[in-house]
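User: I would like to learn how to read a few features of a protein model, taking them one at a time. Could we begin with charged side chains and then move on to the sheet and the interior?

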Amino acid sequence: FKRLRSRAENKSCFDCEAKAPTWASVTYGIFLCINCSATHRNLGVHLSFVRSTQLDTWSWDQLRHMQAGGNNACHAFFKSHGLTAMEATAKYSSRAATMYRQKLDQLSDAMQKKLGSSLFELTEAHAHEAEPDFFDSHHRGGSGSDVTAGV
């Protein structure tokens, strides 16, 4: 969650813009403040399943929903379907919300199949940031002086 919450898009509540949200709707992959999490809980788990990002334990499927979603993705989808300032019950029980839930389910399933129990995919950009393997850097004769920096 530290990595997901560090994204600028997720540093405020999806519904009210309150800073530093500590709750999430797994269903939509969005971050919520405690007040909006109560609203989502009142919608029922069939519309929004809410978890604490600090207190609850999470399954891989739930984590994948958060990784596949995010506040920006949900805002963009809702905006493109005219769901910007509606009352919560109307917004989250709308046809567009149902379509987004289905889309997020598909994305998170694909991520789970691809990544399994790895939190994040090691991309080319991150590969250069990884710590070098001690044994790989010292396999040519002990001193390691012939190893190129950054490899």
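Analyst: A salt bridge is counted when a side-chain nitrogen of Lys or Arg lies within 4 Å of a carboxyl oxygen of Asp or Glu. Side chains of opposite charge can pair when their charged atoms come close. This is a predicted model, in which local features need pLDDT of at least 70 and side-chain atom pairs count only at pLDDT 80 or more, whereas totals for chains, interfaces and linings use all residues. Residues are numbered from 1 along each chain as its sequence is written, and side-chain values use heavy atoms, with hydrogens and water left out.

User: How many salt bridges does the structure hold, and which residue pairs with aspartate 15?

Analyst: The structure holds 1 salt bridge, in which aspartate 15 pairs with lysine 91, their closest N and O atoms being 3.7 Å apart. The pair links distant parts of the chain, 76 residues apart, since aspartate 15 sits in the loop between helix 1 (2-5) and strand 1 (23-25) and lysine 91 in helix 5 (residues 88-92); helices (H or I, at least four residues) and strands (E, at least two) are DSSP runs numbered from the N terminus.

User: Is lysine 91 buried or exposed?

Analyst: Buried means under 20% relative accessible area, exposed means over 50%, and partly exposed is in between, using a 1.4 Å probe and protein chains only. Lysine 91 is buried, with a relative accessible area of 8%, while aspartate 15 is partly exposed at 27%.

User: In what order do the strands stand in the sheet?

Analyst: Strands of a sheet pair through backbone hydrogen bonds, either parallel or antiparallel. Here two strands are taken to pair if DSSP finds at least two bridges between them. The 3 strands form an open sheet in the order 2-1-3, with antiparallel pairing. Strand 2 (30-32) and strand 3 are at the edges with a single partner strand each, so one side of each has no neighbour in the sheet. Strand 1 and strand 3 are joined by 3 bridges, and tryptophan 23 has serine 52 in strand 3 as its bridge partner.

User: Which residues have the most contacts inside the largest nonpolar core?

Analyst: In soluble globular proteins, nonpolar side chains tend to be buried together. A nonpolar core is a set of buried Ala, Val, Leu, Ile, Met, Phe, Trp, Tyr and Cys residues joined through side-chain atoms within 4.5 Å. The largest such core has 22 residues, and Tyr28, Phe78 and Tyr92 have the most contacts inside it. The elements giving two or more residues to this core are strand 2, helix 2, helix 4 (71-80), helix 5 and helix 6 (95-115), with helix 6 giving the most, 4 residues. A second, separate core of 7 residues includes Ala24, Phe31, Leu63 and Met66.
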